[in-house]
Amino acid sequence: MIVELGHFALVLAFAVALIQSVVPLIGAHRRWGAWMAVAEPAATTQLLLIGFSFAALTYAFVTSDFSLRLVVQNSHTLKPLIYKISGVWGNHEGSLLLWVLILALYGACVAWFGGNLPPTLRARVLAVQGMIGVAFLAFLLFTSNPFLRLAVPPMNGQDLNPLLQDPGLAFHPPFLYLGYVGLSMAFSFAVAALIEGRVDAAWGRWVRPWTLAAWIFLTIGIALGSWWAYYELGWGGFWFWDPVENASFMPWLIAAALLHSAIVVEKREALKSWTILLAILAFGFVLIGTFIVRSGIITSVHAFANDPERGKFILMILGLFMGGALTLYALRASAMEAKGVFAPVSRESALVANNLLLAVSAFVVFVGTVWPLVAELVFDRKLSVGPPFFNMAFTPFVVALAVLLPLGSVLPWKRGDLSRAAQPLAGVLVLSMALGALAWTLQTQRSILGPVGLVLAAWVVLGALADLWQRAGRGPLASRLGRLTRLPRSDWGKVTSHIGFGVTVFAVAAVTAWKTEDIRVVQIGETYPLGPYSVLLADVREVPGPNYMATQAELVLQRGGQEVATLRPEKRMYPVARMPTTEAGIDHSLLRDVYLVIGDEQAAGGWAVRSYIEPFVNFIWIGCFLMAIGGGLSLSDRRFRVAAGARRAAPGAVAAE
Amino acid sequence: MIRAGLLALALLAAVPAGAVQPDEVLSDPVLESRARELSKGLRCLVCRNESIDESHADLARDLRLLLRERLVAGDSDDEAMTFIVDRYGEYVLLTPTTGGSNLILWIAGPAMLGAGGLIAALYLRRRGRGDGPGAEALTEDESRRLDEILDR
């Protein structure tokens, strides 16, 4: 019964979304206040209906209702409760339901907190948001209905893909979707502004928090995914340039560009039409990513819902929204004149360079991702584009970004003097070079990558700190420190995010250059050397889990005769899903991870053991979280909170509910 | 392609875990490190976007052994790769060649950067001169809003 109600609520939400996408738009065009005011209650109702529908599906999963096809395919009574819940979005249909839920949530947030927006803009934003809702609800209801019943329910389910039964992956999709769908807000604001025919500093200020929120969630989502891949896939890699990873990375790059260009719109009223275009493209890349992931048209390691029919539907959504938005853009973009005047050497120009590099790097990733498809369809060549290509083609952009970043962030707005602005950075440059030279002399016979990464990272991190110190002004230390605490939070956010970027760059270079690997056959009771450590294989035994069988090894990590840690890597077999997984044994520490994997028993006796020392690997994710925290600091800046306060002064709009 | 993918998944499920096995490792460390480098650029044909260096599949193991055989036999890196590409096709290469239509793939990034850079440079020059309509003047709407604010 609850399941049917959930299904019914979803259909109702579709109807509400239809109303939300039409009525306020007409109202805004004709200046009919009552019609415009429909948008807010519609957005709230849509959220409540989809929320109920989602709760109904979760209920079916938690109670293991095997009359539901989706539950049979993705659950099992023996599965731990947390994975019964995460199983709701561990499949195509359920994840789409989560997608539309988050879409409705963002829409409702505009309705609740958008009191300071001009009424016509708010109505139009909500209408566009409603249209996206209509498209995805139709997709859900007509091609991927999660509420289909089975005539003959089986006794038990087929279990969730074991790879997904992991805390890291349980929370990876919700964050990614919060990010993806958040970019739909930037899109809605862009299209609404195009319909209005007006983009000004205020628009820049309104669109920035939404983009920032989306970017923060994307950063966390991507970091979680990469962290999961690192500890779960069993060879210590953290990024594979897989099409599905790229699908999340492209919107991230474009969103990062959009964040920076929205600042120029807000502060200087320039780059307006470019910012609008970026906002449209960011969501375009989200749709392209969705298409890649859900259609299965490009082979990827993510075994996820491959159905050409669904692919066609998403391609239609993509064509409709991008076609519509870009046509509107072509018609209206010329009306958006820039106001600010600035010299070629200025903060504005630096941000233009940032945008150019980020956008082109996203384009490179895009071309590499779709090239196998294009080559097959157009040139009849069956080929692969793999990690070596992306590493070669993408890295130069990161290097260029890192080189320019500290310079750009100290340049003043409007007109700058490069030599004067760069003065405080001279010390930073010397120090970074010295660090690089130190790393170069310490390492023997290895690639240049490590030292270069260190120089770049030190340049970015120390540059950000020097920038912050500059902002503290002159005078005695106490007054400088005092001024630091009174700096706007967006300044702290900027510095934190940039430091995070530098940290991640360093960690990626370090782990790529300085990783140690060892593969060998080890007898039980045997000790083998691993870098400065020695490892003893103490035991291998069978251990039963709740819904799997594990072969667990006990490895004792020692250094100079002292035990450092006892690690228990496992090989698991999930009998219901008939899939093996590996659980690496990892000794985490800040400066290095020791990563041990147990392989097969050898015919001649002993076990295959793979060991890695991964230097600085945790800094990859520390850097990502610093970026996200920086985004959060920036989001809490006073100028956005003041805007939120203005809403409370004008309660008229809420009364319509 | 999709059916191949599903088949690959089924195959994957059947094989036990473990990429490079200890018995594959060559005794000559120089040859072995060459083999490892080359394997990172070769695709496991039955997998979903994995190199043979990372893959657990039996076919990846066969390819790894074949590659090492060629290297032990005295092939140069290029010769060994050509040997494998001749038998398995271009699809096996994770780094696409620069020949023929692939030129588009390799040129796309730099070309876009050049074009974008040019547009950006022109834009910056125009902004720097401060010409172009609307640089300073208020629109009609804005003057009206200004009047409202100033209560004129």
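**Stop one: a helix pair**

Select α11(A) and helix α12 (residues 272–295) of chain A: the two pack at an angle of about 165 degrees, with their axes 9 Å apart. Helices here are DSSP runs of H or I, at least four residues, numbered from the N terminus; axes are lines fitted to C-alpha atoms over the stretch in contact, with angles running from 0 to 180 degrees between N-to-C directions. The pair is therefore roughly antiparallel (angles over 145 degrees). This is a predicted model, where local features need pLDDT of at least 70, side-chain atom pairs count only at pLDDT 80 or more, and totals for chains, interfaces and linings use all residues. Residues are numbered from 1 along each chain as written, chains are lettered from A and ligands numbered from 1 in written order, and side-chain values use heavy atoms, without hydrogens and water.

**Stop two: the other partner**

**Stop three: across the chains**

Now bring up chain B, where 52 residues are in contact with 60 residues of chain A. Two salt bridges link the chains (a side-chain nitrogen of Lys or Arg within 4 Å of a carboxyl oxygen of Asp or Glu). Zoom in on R381(A) and E90(B), one such salt bridge, whose closest N and O atoms are 2.4 Å apart.

Definitions and conventions: Contact = heavy atoms within 4.5 Å. Parallel < 35°, antiparallel > 145°, perpendicular 65-115°, else oblique.
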